[in-house]
Amino acid sequence: MDAGPGDAGASAVGMYPADAGSGACSASTLTPRAEPARPPLPAPVESMRSRIIAAAVACDYAALATLADEQGKSVRFSFGDATDAAAYWREAEQQGEPVLARMVGVLQRPYARQEGLYYWPAVHVTGAKKDWQALQGLYPAEQLEAMQEGGSGYLGLRLGISPKGDWQLAVAGD
């Protein structure tokens, strides 16, 4: 349920408590409105996608943590030993990594479906030239070129959501 304009203390993604002290983040100047995906996504997937975008733009780590665990502790966000997704993303942002802006950017690009998940960006699954081109502006050109030429494919931030709207994945690297 979305918070109305008079709902003080509610975040942009609904009735999650605002993340006091979150301040600015890399996504704070981006628009919280997600353009509808093409082709259209199942309603639960589109809902999760839109709510992740809204939480990231609001720099609301508490809402992101709630979304990550909405259907059980299932989101994979790191290849390391970290156990708190929101703390991990906040620390990355504080170290200058634009994780939240990239979440928004990735979710605004084409998606692909593989093994029961909807993945962003599509290039993670397809490797297609047009899907690499869709990433222009999300990463420096040199970084994208290195990924393409490195032979391991796209290693940037990728997100995965199940058909039931369960946010399963938000990882970068290999």
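This is a predicted model: local features need pLDDT of at least 70, side-chain atom pairs count only at pLDDT 80 or more; totals for chains, interfaces and linings use all residues.
## Burial of helix 4

A residue counts as buried when its relative accessible area is under 20%. The buried residues are Val99, Leu100, Ala101, Arg102, Met103, Val104, Gly105, Val106 and Leu107.

## Packing of helix 3 against helix 4

Two packed helices are described by the angle between their axes and the distance between the axes. For helix 3 (residues 85–94) and helix 4, the axes come within 8 Å and cross at roughly 110°. Helix 3 is therefore roughly perpendicular to helix 4.

On the side of helix 3, the contact is made by Trp89, Ala92 and Glu93, and on the side of helix 4 by Val99, Leu100, Ala101 and Met103. Of the residues in this contact, 6 are nonpolar, 1 is charged and none is polar.

## The disulfide

A disulfide is a covalent bond between the sulfur atoms of two cysteines. A search of the whole structure finds 1 disulfide. This bond joins Cys25 and Cys59, whose sulfur atoms are 2.2 Å apart. Cys25 lies in the segment before helix 1 (43–57), and Cys59 in the loop between helix 1 and helix 2 (61–68), so the pair ties together parts that are 34 residues apart in sequence.

The torsion about the S-S bond of Cys25 and Cys59 is about -80°, and the disulfide is therefore left-handed. Cys25 is buried, with a relative accessible area of 10%; Cys59 is also buried, with a value of 2%.

Definitions and conventions: Residues are numbered from 1 along each chain as its sequence is written. Side-chain values use heavy atoms; hydrogens and water are left out. Buried means under 20% relative accessible area, exposed over 50%, partly exposed in between (1.4 Å probe, protein chains only). Helices (H or I, at least four residues) and strands (E, at least two) are DSSP runs, numbered from the N terminus. A disulfide is a pair of cysteine sulfur atoms within 2.5 Å. Axes are lines fitted to C-alpha atoms, for helices over the stretch in contact, and angles run from 0 to 180 degrees between N-to-C directions. Angles under 35 degrees count as roughly parallel, over 145 as roughly antiparallel, 65 to 115 as roughly perpendicular and the rest as oblique. Contact means heavy atoms within 4.5 Å. Ala, Val, Leu, Ile, Met, Phe, Trp, Tyr, Cys and Pro count as nonpolar, Asp, Glu, Lys and Arg as charged, and the others, Gly among them, as polar.
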